[in-house]
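Reader: Can you walk me through this one? Keep it short, please.

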Amino acid sequence: MIGLLVAAPLLGAALLLLGGRRLDRVGHWLGLAASAASLVFALVLFTDLLGKDGEERSLHQHLFSWVPVADFRADVAFQLDQLSMTFVLLITSVGTLIHLYSVGYMEHDERRRRFFGYLNLFLAAMLLLVLADNYLLLYVGWEGVGLASYLLIGFWQHKPSAATAAKKAFVVNRVGDVGLSLAILLMFTTFGSFSFTHVFAGVDGASEATLTGIGLMLLLAACGKSAQVPLQSWLGDAMEGPTPVSALIHAATMVTAGVYLVTRSGVVFDAAPDAQTVVITVGAVTLLFGAIVGCAKDDIKKALAGSTMSQIGYMMLAAGLGPLGYVFAIMHLVTHGFFKAGLFLGAGSVMHGMNDEVDMRRYGGLRKHMPITFATFGLAYLAIIGFPYLSGFFSKDEIIYAGFAKGGNEGWLLGGVMLLGAALTAYYMTRIMLMTFFGEKRWQPDEAGHEPHPHESPLVMTVPMLILAVGSVAAGFVFDSGERFVKWLEPVTGLAHGDSPVSHGEVSIAATVVMLLGVGGAYLQYGRREVPAVAPAGRLLTRAARRDLLQDDFNHVAFVQTGNYLTRGLVYLDHKLVDGMVNGTAAAFGGLSGRLRRVQNGFARSYAVSMFGGTALLVAATLLMRAV
Amino acid sequence: MNPENYLYLAALLFTLGACGVLLRRNAIVVFMCIELMLNAANLLLVTFSRMHGNLEGQIMAFFVMVVAAAEVVVGLAIIVMVYRSRHSASVDDASLMKL
């Protein structure tokens, strides 16, 4: 049954990608059906799990032995516990909604069948990632989602920017993947096994240094996949892909794989406090980094990408807090999956009606033209800024509270950073909202002279948006009432309460106040005044943030140029030293031979002289030897 | 008569022959100088035979004569052929083997 979860989309992908043109007309429905089948299986399994007691909610399925060599075993086996189940439900439900949305969004694309094939491939890989019961199989899924992400970012490969963005995402992810493979190798040498059970059981006997090493390598992997500092640079460019891809892969599911990895390996991280500190630092830095970038971008998708980075920063930070935060990291992950997917689908709907314009300075006043998009986007917006009693309010406040509960100065620092992040979140989201849906219309005819005629998207696109909006509104409340979500996940991740200097109520009030400050700031800047159609020059920080806080410049100087100098140096050494030695030896022998050749002058008498000379020398030597 | 004098004569003849081989260009003269050196060696062999009172040196001298005779046959034939084809008996002219 668990295998079917993965098999359905995998079969869909195989059919769509190998089926050829004869499937062009039904391809998208086929893809949707594969995804929906997976969702149905997931729901059946979910009810099955719910019927069991808390501690026994874990299913195993051993498919086959993949690499059985002597004592070494690598199996294809699945494990479905509460954590995996949460992910499976998120992936299949959001995935199915986005498949449905894509039917409308990609309607005019002649390669729609292939698009759905890639989406199905992504679903299969992502499900494999969260269902694997060992790190090696997880790695297969990990690479699979990387591949699908590459294919989908570069789906419009006729655009050079998309092709470059796909390559960039792939290369940056590869840096993270090195971390994962090193972590797996370290696990194998330390514990002699890849499976979660064996690794976690062996943690007690391993040295802290090894565990810190494994933790840091896992974190590197998580940074790559989840676009955390310092491997964050690919996410903004990944927005070159079609918007449903940004919604599914680069907002709701794939980028959360890093959080899954850290949470799943919680046992390792709990035993390596140094690694946990690094996780927290990465999360806190990314949280602010993404938020600042999000405040400055005029491209609606890139602003949302900054927001995604920032929100995953929250999750990463929470996961670094250990049992204090695991549950809330996952809870925020799920609620974020709903409202961020809703936001991206809304952005896609806006672009759909605006001739694919992405510059928010060219929008304005769209609420009258797209009422449904406006309503759903607005609800998701209220959810992400943490408007009281919407989903973001519950999950984010819990994370901020967990930060304070870390205790001591650290707790105050983390809580402060997260509150600042919350204010920035409210600011940039309000900015997006105001620039897109309020104010006067600012759109102009494009180069070809087509005046955009903003219109509401077809039903097939608005229905998923409506469902996601309902999720954004209700998820937090459903999860929080009776601590349902906490009780559901606690058996897997554990739960600690810490002792916080502030109460839950105080955190909620503080978060709401900073949220209102952020909203107010954005309103003063973009609501009261007219938004200029051309971006003003801006101060230093704004200009830096527009350039993604110089991330690409930094990478260029630190890695590209250094690499270039290194290769040039190596080429120079190769030419001068290695080639020089070989060539020098050859030239020395050549020159010597040239000189020796002169002795062979062809005159018999000179040969005779050398014979006489040689004989005389031998005789002299013989005499000398006898004299001595 | 002191047999040592024959040794001096043989050394003198050998040196003359060697100088002739190294300095003269005419192949016939070079050839004759080689014969001179061989005969100087023969004289030495015979002298030593006499001085030590056994016959081995004289037997060796006969061997050298036989070899020298054979060498003359081959050598003269080569020289005549070279002269016929190149109209010169100079050893320096026959330097086709040099690079």
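Author: Here is a quick tour, starting with what kind of model this is. This is a predicted model, where local features need pLDDT of at least 70, side-chain atom pairs count only at pLDDT 80 or more, and totals for chains, interfaces and linings use all residues. Residues are numbered from 1 along each chain as its sequence is written, chains are lettered from A and ligands numbered from 1 in the order in which they are written, and side-chain values use heavy atoms, with hydrogens and water left out.

Reader: What pLDDT does chain B average?

Author: Chain B averages 90, and 97% of its residues score at least 70. pLDDT is the predictor's confidence in each residue, from 0 to 100. The model also scores ipTM 0.82 and pTM 0.81.

Reader: How many residues of chain A are in contact with chain B?

Author: 9 residues of chain A are in contact with 13 residues of chain B. Contact means heavy atoms within 4.5 Å.

Reader: And what area do chain A and chain B bury?

Author: About 960 Å² between them, with 66% of it on carbon and sulfur atoms. Buried area is the accessible area (1.4 Å probe) that two parts lose on being put together, summed over both. In chain A, F603(A), R605(A) and F612(A) lose the most area to chain B, together 60% of what that side buries.

Reader: How many salt bridges cross the interface of chain A and chain B?

Author: The rule finds 1 there. D92(B) and R605(A) meet through their side chains in a salt bridge, 2.6 Å from N to O. The rule asks for a side-chain nitrogen of Lys or Arg within 4 Å of a carboxyl oxygen of Asp or Glu.

Reader: Which residues of helix 24 of chain A meet helix 1 of chain B?

Author: R605(A), A608(A), V609(A) and F612(A) do, and they meet A18(B), V21(B), L22(B) and L23(B). Helices (H or I, at least four residues) are DSSP runs, numbered from the N terminus.

Reader: New topic. At what angle do helix 8 and helix 11 of chain A cross?

Author: Roughly 160°, and the axes of helix 8 (residues 208-226) and helix 11 (residues 257-264) come within 7 Å. That makes helix 8 of chain A roughly antiparallel to helix 11 of chain A. Angles over 145 degrees count as roughly antiparallel. Axes are lines fitted to C-alpha atoms, for helices over the stretch in contact, and angles run from 0 to 180 degrees between N-to-C directions.

Reader: Where is P230(A)?

Author: P230(A) sits in the loop between helix 8 and helix 9 (233-237) of chain A. A cis peptide bond joins V229(A) to P230(A), with omega about 10°. A227(A) is also found in the loop between helix 8 and helix 9. Its phi is near 55°, a positive value in a residue other than glycine.

Definitions and conventions. Helix = DSSP H or I, 4+ residues; strand = E, 2+ residues; numbered from the N terminus. Parallel < 35°, antiparallel > 145°, perpendicular 65-115°, else oblique.
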